[in-house]
Amino acid sequence: MKKILLLILVLSVVLGACSANKTQPSGTVTPTNTPDATSSEEPAKDEFSLSRSVEFWVSSKAGGNSDMFSRTIADIISKNNWADQPIIIINNEDGNGQIARRNVATSKTPDESLLCMSSGDLIVMVTLGGLTLDDFRPIAILGADKHLVLTGKNSRFKTMEEVIEAAKNGERITIGGTPGDELTVLNMMLEELDLADSFDFVSFGSSAETVTALMGGHVDLGMGKPAAAREYVVSGDIIPLVALSTTRFAKPFDTAPTLSELGYNDVEFPLYRGVVGPKNMSDEALAYWDSIMAKVAQSPEWKAYLEKTLLIGDYKNAAETLEAYKLVEQRALEAK
Amino acid sequence: MLEALQNLFMGFSVATSINNILAALLGAVLGLIIGAMPGIGSLTGCALLLPITFKFNPVTAIIMLGSIYYANMFGGAYSAILINVPGDSPAIMTAMDGYALARKGQAGKALKISNLTSFVGGVIGTVILVFLGPTLAKFGLKFGPSEMAAMMLVAMTSISWLVGENPIKGVIASCLGMLIGTMGVDIITGNVRYDFGNVYLLGGLDFIPLVIGFFGLAQVFELAEGRNESQPMSDDKMDLRGGRLSRSDLKRITVPTLWSSLFGTFVGFLPGAGATTASFLSYAMQKKFGKNEEELGTGAIEGLAVSEASNNAAVAGAFGPLLSLGIPGSGTTAVLLGGLMLWGLNPGPMLFESEPEFAWGLIASLFISNLVALFIAMISIPLMAKVIRVPTGVMIPAIVTVCFVGAYATTNSMFGVVVMIIGGILGYIFQKNDYPIAPLLLAYVLSSSLEINVRRALVISQGSLSIFFTRPISLVLMIVFFSFILAPVIRNVIAKAREKKA
């Protein structure tokens with residue numbers, strides 16, 4: 001009996017060794033990865049080099065959107081040998097993500113610490129208090145999500161005009177979404193439509209929950225982003241009512257008009273997905289990472305990732321990112 | 001019906017490729033080990049191994065993870081029965097009767113029963129998944145906030161049956177559990193509660209390290225105290241021949257196993273409720289409606305049977321909404337959902353149509369991994385016999401190590417370890433003063449779900465309580481809830497009336 005167990009264990013190890021691909025996933029530390037360190041590889045002005053492995057912190061769990069975002073970036077960088085040290089992804093959700101953010105902000109190795117930060121994370125961080133954008137040096141924004149208002153196929157509303165009509169007539173409408181970026185853009189939209197009093201916001205923990213609630217008919221409307229809703233729109237279970245953007249979305253969301261088509265001003269609050277470093281990161285390191293992220297944004301692998309996840313490829317460099325995030329922070333502070 | 005069978009056969013042809021069988025095997029072994037280790041349950045195990053599967057072929061990857069998920073339920077019972085430290089939360093109820101049986105010298109029997117009933121639960125769950133998957137998943141959608149809240153109310157009545165001899169202590173424990181559950185950010189308003197100015201507490205106290213502490217560390221303290229006493233465990237032969245299940249035993253557990261498998265599958269289908277909720281609810285219902293209810297908690301095989309059958313059935317159930325709607329049916333399936341996206345698949349209603357090999361291959365492999373897990377579990381029973389015979393002096397450091405590692409691994413931070421230590425101290429104080437632990441844990445798990453759903457329901461109804469009574473499903477559940485609460489009162493009144501007459 002013991003021998004059989006042993007045999008099975010050995011077989012399992014063999015399988016594990018065989019079926020995994022040759023390339024190492026970025027979650028493990030590779031032995032020193034020294035590419036051709038000739039100066040012809042790096043731009044002449046950049047004599048900066050990393051002195052230890054890079055920690056790339058993600059304030060949410062493995063498999064989630066931010067995690068996938070970070071792993072893809074790290075993967076692209078390692079495949080192309082653009083960084084001279086391995087990048088390790090660290091997931092830490094403690095304190096609603098605040099711990100990961102604080103760890104990066106106060107890192108003792110500022111040049112080799114990165115944090116995945118989206119506008120949503122920024123809003124949560126500012127609302128919780130204790131940390132501000134000044135504790136970080138934004139490096140790049142590599143993608144953006146924009147929002148839609150959705151409804152279930154059996155809902156009493158078939159178009160956004162009907163929703164606005166009903167609200168004007170005094171009906172109360174329930175709308176679900178995640179607190180953070182979705183609530184912010186909802187408030188912006190309601191301000192524009194001047195209908196803030198007619199809507200009740202039901203808060204959910206994730207887009208999946210909002211979609212579930214819509215499919216079960218428990219809320220009238222829901223806020224959503226393309227990636228989370230695409231399959232359901234294709235299957236007909238969810239109908240997109242309005243695109244919160246300056247242009248219509250691509251298929252299958254192309255049936256949803258923008259607010260300007262309905263006679264109002266467009267409202268949009270892009271959920272930026274970006275990378276930041278600690279405030280003590282040196283200028284050389286910032287320039288170094290800035291140029292690497294620019295290369296990532298141009299790479300074909302990144303373009304493929306954007307297509308798969310329906311992210312908008314809105315690249316911003318360090319200076320532009322700082323501006324964009326400052327606006328987000330401002331909004332969050334106003335709403336507080 | 002026929003189409004489902006055809007698809008299933010196609011799935012079997014996919015699942016029986018050498019790579020996939022080996023993946024199922026590896027998953028089963030890993031799952032058993034992960035399940036047996038206190039604190040590291042299916043959620044953590046899958047989350048930790050998920051990044052490694054980044055480059056795998058999706059079918060192989062999901063087969064391995066699914067196998068881990070299943071086998072985890074087998075393994076969780078091991079440490080629960082042998083050392084009273086549940087491998088993860090679905091095994092908490094298993095520990096109640098399982099450990100008691102082990103104390104009586106019937107550990108082998110307990111292990112056998114838990115393996116057998118786990119297997120039956122898994123088979124029934126998977127069969128239901130095959131034929132009724134999409135239908136049940138759609139039905140699960142009808143469970144909105146008010147329905148979930150009503151369901152949680154019913155579940156919370158089960159706490160009353162776990163309070164043991166002193167109801168007041170049980171109530172105190174439950175209240176404490178609810179208090180701990182409120183710590184952290186309130187999702188509805190974004191307000192922070194009970195963080196005591198500490199940034200770590202913004203996320204509240206993590207459940208898993210708390211459980212590890214309550215059971216594991218507290219157990220260690222107790223073991224350390226009683227170190228010089230002789231081993232209470234009798235030396236029964238725990239090979240396959242020993243621990244024989246008599247015919248009357250089998251008769252006793254047949255009905256409970258069957259209904260709890262059905263029930264567990266259904267609970268697994270509900271978005272947001274998984275193996276843990278399934279085992280809690282089944283155990284409580286067994287206590288309320290089953291025979292031998294007084295024995296439950298002191299070594300009744302029915303308690304063991306329902307807990308294990310339902311937690312395995314819930315795994316199958318949890319895959320239902322994941323595959324047919326792209327909605328996670330439990331915490332672990334939420335992790336698997338991430339995996340699906342990792343491998344480039346699009347979870348959603350179209351998954352069965354766009355990736356039939358994947359979906360049916362997975363379902364077929366669930367049958368296979370169930371069998372494999374049963375086989376491996378059964379033959380490792382003799383190994384387990386050695387575990388019990390390990391002297392306390394070695395057990396204590398071993399359990400302590402596992403507790404610390406488990407607590408760290410689940411949260412990737414020392415905070416988890418701190419929580420675990422707090423849990424351990426609290427658990428020890430509880431034990432010394434005869435406070436029951438189960439109500440605290442149940443209250444913690446259920447009250448946060450109850451609160452969120454009640455508040456969401458009230459937003460939807462704009463503050464009116466009628467929402468709980470006007471929607472059909474929640475009306476039914478509320479009737480059940482009130483009848484549970486009022487039944488004893490009514491019974492008393494009737495009894496007194498009869499007395500007067502006589």
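**Notes on the model**

Mentor: Start with N81(A), which counts as exposed because it has 12 C-beta neighbours inside 10 Å. Keep in mind that this is a predicted model.

Trainee: Okay, and where does N81(A) lie?

Mentor: In chain A, the loop between helix 2 (65-79) and strand 2 holds N81(A).

Trainee: What is phi of N81(A) near?

Mentor: Near 55°, which is a positive value in a residue other than glycine.

Trainee: And over in chain B, what is phi of D434(B) near?

Mentor: Near 60°, a positive value again in a residue other than glycine. D434(B) sits in the loop between helix 18 (414-432) and helix 19 (438-460) of chain B.

Trainee: Does D434(B) count as exposed or buried, and why?

Mentor: Exposed, because D434(B) has 10 C-beta neighbours inside 10 Å. The cut-off for exposed is 12 or fewer.

Trainee: Switching to peptide bonds. Is the one from K251(A) to P252(A) cis or trans?

Mentor: That bond is cis, and its omega is near -5°. P252(A) belongs to the loop between strand 9 (238-244) and strand 10 (271-278) of chain A.

Trainee: Now the chain as a whole. How many helices and strands does chain A come to?

Mentor: Chain A has 11 helices and 10 strands. It runs to 336 residues, of which 47% count as buried. Among contacts in chain A with a separation of 6 or more, 77% are between residues 24 or more positions apart.

Trainee: What is the mean pLDDT of chain A?

Mentor: The mean is 82, with 87% of the residues of chain A reaching 70 or more. Over residues 18-46 of chain A, though, the pLDDT is below 50. That stretch still has 34 contacts in the model beyond near neighbours in sequence.

Trainee: Last topic, the interface. How many residues of chain A are in contact with chain B?

Mentor: 53 residues of chain A, and they touch 53 residues of chain B. Elements of chain A that give two or more residues to that side include helix 1 (2-19), helix 3 (98-105), strand 7 (199-203) and helix 8 (226-235).

Trainee: Which element gives the most to the side of chain A that touches chain B?

Mentor: Helix 1 of chain A, with nine residues.

Trainee: And what does that side have by class?

Mentor: On the side of chain A that touches chain B, 22 residues are nonpolar, 22 are polar and nine are charged.

Conventions
Residues are numbered from 1 along each chain as its sequence is written. Chains are lettered from A and ligands numbered from 1 in the order in which they are written. This is a predicted model: local features need pLDDT of at least 70, side-chain atom pairs count only at pLDDT 80 or more; totals for chains, interfaces and linings use all residues. Two residues are in contact if their C-beta atoms, placed from the backbone, lie within 7 Å. Helices (H or I, at least four residues) and strands (E, at least two) are DSSP runs, numbered from the N terminus. Ala, Val, Leu, Ile, Met, Phe, Trp, Tyr, Cys and Pro count as nonpolar, Asp, Glu, Lys and Arg as charged, and the others, Gly among them, as polar. A residue is buried if 20 or more other C-beta atoms lie within 10 Å of its own, exposed if 12 or fewer, and partly exposed in between; C-beta atoms are placed from the backbone. pLDDT is the predictor's confidence in each residue, from 0 to 100.
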